[in-house]
Amino acid sequence: ALDLILDDRDSDERKIAGLWCLNSDGSVFTLPSRAVLIATGGAGQLWRHTTNPSVATGDGITMAVRAGAAVADLEFAQFHPTAYSNGDSNPFLISEAVRGDGAVLMTAEDLDNWHQAKQTDSSADPNDFSFMRQTDARGSLATRDIVARAIDTELKRSGRHHVLLVTEHLDAAHLASRFPNIANKMLKNGLKIGIDAIPVAPAAHYIVGGLAVNEWGEVWQRDLNSDDPTFSTKSDRLVDGLFAIGETACTGLHGANRLASNSLLEAVVFSHRSGVRVLEWLAAAAQEKPTYLNGELMDLQT
Ligand SMILES: Cc1cc2nc3c(=O)[nH]c(=O)nc-3n(C[C@H](O)[C@H](O)[C@H](O)COP(=O)(O)OP(=O)(O)OC[C@H]3O[C@@H](n4cnc5c(N)ncnc54)[C@H](O)[C@@H]3O)c2cc1C
């Protein structure tokens, strides 16, 4: 999908008439429709390092903004604290469950200090040597946002590209059976889980904000007299026929920072609600004669 077609781009009351799309041969075609439901996902590709797939470019948000939609909370982007850092722009995730199982975040100096301490005290606790303890009493088990910020601060201080996730004090066989995908990906990079320290850094992971929608996934129109498509300029009307669900939408359910795994739950609930409303909308819209059939869409096609 390239862009939304409106009944009238100059109107104060924006109404969806269809979609412009791109064929694999590069030609453009139109899909006339009284309803468009945007589900184009996140926008992690805006950042150099992201866990998101290459398609997460925020297309749906920009299309809708061009059509007069309001957005909300786009300043809230969640960073996953522990993406494997090998200089690749699409690093793989080291699940937070690995820290839950006892892995400890350290700088290279922290690791040296711990190794030295173990020479005189074999029971020295790696957590006592982690830079995370200076930020939060929970150390490496602090919440996602706190850990991501602490690592970012440490990287800015040291000038390095990553910190280390240390697992050598844990049972390697247990880790390999509990996290087989991570263990395999590490092996491909020449590292063994439970033995080698894993280089990790934060990466853009989830866009909390998005298209401003109501509880049915209907997209709010913005105040068209303002150039600022933010929530503060949301008008009191909806863009007729425009819906958004999933990461591209901002339902407000995630507050300023999504709790892990709540995105799929939100997507399922709002997809259903939105689907119900789309069918209602189309049933009502079928009663009226769309103005684009009077020639506008044919003009656009040429
Ligand atoms: C590595 C990783 C792990 C995650 N783990 C979890 C988890 O455990 N639990 C959880 O709740 N959430 C998790 N998330 C977040 C969750 O997966 C996403 O928020 C969710 O998948 C988004 O779903 P979506 O349907 O909105 O978008 P997506 O699933 O991203 O789908 C968007 C689709 O739109 C298509 N698209 C994009 N642009 C266009 C265009 N211009 N025209 C046509 N199509 C287009 C894309 O090709 C894609 O098929 C994770 C995310 C990542 C990256």
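These questions and answers cover the domains, strands and salt bridges of a predicted model. Residues are numbered from 1 along each chain as its sequence is written, and side-chain values use heavy atoms, with hydrogens and water left out. As the model is predicted, local features need pLDDT of at least 70 and side-chain atom pairs count only at pLDDT 80 or more, while totals for chains, interfaces and linings use all residues.

Q: How far apart do the C-alpha centres of domain 1 and domain 2 lie?
A: Domain bounds come from an automatic or database domain assignment. Domain 1 has two segments, 3-76 and 208-301, and domain 2 covers 79-205. Their C-alpha centres are separated by 39 Å.

Q: How many residues of domain 2 are in contact with domain 1?
A: Contact means heavy atoms within 4.5 Å. Domain 1 brings twelve residues to the boundary. On that side of domain 1, two are nonpolar, seven polar and three charged. Ala, Val, Leu, Ile, Met, Phe, Trp, Tyr, Cys and Pro count as nonpolar, Asp, Glu, Lys and Arg as charged, and the others, Gly among them, as polar. From domain 2 the number in contact is 14.

Q: Which three residues supply 49% of the area that domain 1 buries against domain 2?
A: Buried area is the accessible area (1.4 Å probe) that two parts lose on being put together, summed over both. Between the domains it is about 960 Å², with 44% from carbon and sulfur atoms. On the domain 1 side, more comes from one trio than from any other three residues: His 49, Thr 50 and Thr 51.

Q: How many residue pairs are in polar contact between domain 1 and domain 2?
A: A polar contact is a pair of N or O atoms within 3.5 Å; within protein, one must be able to donate a hydrogen and the other to accept it, and residues adjacent in sequence count only if both atoms are side-chain atoms. A salt bridge is a side-chain nitrogen of Lys or Arg within 4 Å of a carboxyl oxygen of Asp or Glu. Between the domains, the salt bridge count is zero. The polar contact count, with both residues at pLDDT 80 or more, is five.

Q: Which residue forms a salt bridge with Arg 160?
A: The structure holds 15 salt bridges. In this one the closest N and O atoms are 2.9 Å apart. Arg 160 sits in the loop between helix H4 (144-158) and strand E8 (163-166), and its partner is in helix H3 (residues 108-120), so the pair ties together parts 51 residues apart in sequence. The partner is Glu 109.

Q: Which residue in E3 is the bridge partner of Leu 19?
A: E2 (residues 16-22) and E3 (residues 28-32) run antiparallel, joined by five bridges. They form a hairpin with five residues between them, and Gly 26 in the turn has a positive phi of about 95°. The partner of Leu 19 is Leu 31.

Technical notes. Helix = DSSP H or I, 4+ residues; strand = E, 2+ residues; numbered from the N terminus. Pairing = 2+ DSSP bridges.
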